[in-house]
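Here are my comments on the model, as numbered points. Please read them with the structure open.

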Amino acid sequence: FQPVASWNFSDVDPFFEEVKYFVDENYAASLVCELLGQYADVYVVGEVPRNILLGKVPKEIELYTKLDGEIVQSILEGIQGAEVRKTSSGFNLRLKEGTVDVLLSNNKIFTLDNIGVNLMTGEVDDRSGSIRDIQEGILRHIDDKDFRNNPSGMLHALKAFSDHQLS
């Protein structure tokens with residue numbers, strides 16, 4: 001993996017291909033993208049795009065969709081052999097071939113985690129300046145109110161400083 005400083009962001013193709021590779025390597029994530037993508041946009045968010053930009057290997061895959069939770073649950077429960085668990089932010093799907101989290105809201109605390117990649121269109125959603133912040137090594141919260149009202153936010157910040165050597 002190449003660290004973010006060596007990427008040319010005028011051309012996001014290498015970044016997109018790396019994100020796509022990690023989803024394709026996880027059968028559960030690939031299947032969920034395909035099934036949900038028939039009804040709405042599905043974005044890879046959180047750890048996969050962040051770690052690729054930081055030159056690290058992602059371990060977990062999070063997908064985000066604007067589909068209604070009941071529809072998502074119905075689709076996930078229709079997958080043979082699936083263990084579906086409701087979480088505070090959506091659903092967790094486990095298959096023997098992989099695990100994936102499906103988020104119904106993308107309420108990330110820091111810009112570092114707030115980048116989305118649409119595998120169907122190739123669109124990179126970076127409305128909060130995540131790529132710039134990662135390039136500059138900055139940890140920035142997205143919303144003052146959300147950050148102040150989230151007691152775990154400070155712990156998340158300390159972990160992010162430690163894990164990613166940010167300022």
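1. Along the sequence the protein follows the pattern α-α-β-α-β-α-β-β-β-β-β-α-α-α. This comes to seven helices and seven strands. Helices (H or I, at least four residues) and strands (E, at least two) are DSSP runs, numbered from the N terminus.

2. This is a predicted model, in which local features need pLDDT of at least 70 and side-chain atom pairs count only at pLDDT 80 or more, while totals for chains, interfaces and linings use all residues. Residues are numbered from 1 along each chain as its sequence is written, and side-chain values use heavy atoms, with hydrogens and water left out.

3. Of the 167 residues in the protein, 45% are buried. Buried means under 20% relative accessible area, exposed over 50%, and partly exposed in between (1.4 Å probe, protein chains only). Among contacts with a separation of 6 or more, 61% are between residues 24 or more positions apart; a contact means heavy atoms within 4.5 Å.

4. The seven strands make an open sheet with mixed pairing, in the order β3-β4-β5-β2-β1-β6-β7. The edges are β3 and β7 (124–125), each with a single partner strand, so one side of each has no neighbour in the sheet. Two strands pair if DSSP finds at least two bridges between them. Strands of a sheet pair through backbone hydrogen bonds, either parallel or antiparallel.

5. How do β3 and β4 run where four bridges join them, parallel or antiparallel? Strand β3 (residues 83–86) and β4 run antiparallel, and they form a hairpin with three residues between them. Arg85 stands opposite Asn92 in β4. Strand β4 (residues 90–95) also pairs with β5 in the antiparallel sense, over six bridges. That hairpin has two residues between its strands, and Leu93 stands opposite Val100 in β5.

6. Five of the six residues of β4 are buried, and the strand is mostly covered. In strand β5 (residues 98–103), five of the six residues are buried, so β5 is largely enclosed by the rest of the structure. On its pairing with β2, β5 runs in the parallel sense over three bridges. Tyr64 has Leu103 in β5 as its bridge partner there.

7. β1 is joined to β2 by four bridges, and the two run antiparallel; Val45 has Glu62 in β2 as its bridge partner. β1 also pairs with strand β6 (residues 116–118) in the antiparallel sense, over three bridges. In that pairing, Tyr43 has Asn118 in β6 as its bridge partner.

8. Helix α2 (residues 27–36) packs on the sheet and touches β1, β2, β4 and β5, with its direction at about 40 degrees to that of β5. Helix α3 (residues 47–54) lies across β1, β2 and β6 and runs at about 50 degrees to β1. Axes are lines fitted to C-alpha atoms, for helices over the stretch in contact, and angles run from 0 to 180 degrees between N-to-C directions.

9. In a regular strand the side chains alternate between the two faces of the sheet. In β1, Val42 and Val44 point one way and Tyr43 and Val45 the other way, and all are buried.

10. Which residues lie nearest the centre of the second largest pocket? They are Tyr64, Lys66, Asn106, Asp125 and Arg127, out of 13 lining residues. On a 1 Å grid over the protein atoms alone, a pocket is an open set of points where a 1.4 Å probe fits, with protein on both sides within 12 Å along at least five of seven lines; lining residues have an atom within 4 Å of a point. β1 (42–45) and β2 (62–65) each supply at least two residues of this lining.

11. By class, the lining of the second largest pocket has five nonpolar, four polar and four charged residues. Ala, Val, Leu, Ile, Met, Phe, Trp, Tyr, Cys and Pro count as nonpolar, Asp, Glu, Lys and Arg as charged, and the others, Gly among them, as polar.

12. Ile138 is found in the loop between α5 (130–136) and α6 (144–148). With a relative accessible area of 29%, Ile138 is partly exposed. Ile138 and Thr111 are 27 residues apart in sequence and 9.0 Å apart in space, C-alpha to C-alpha.
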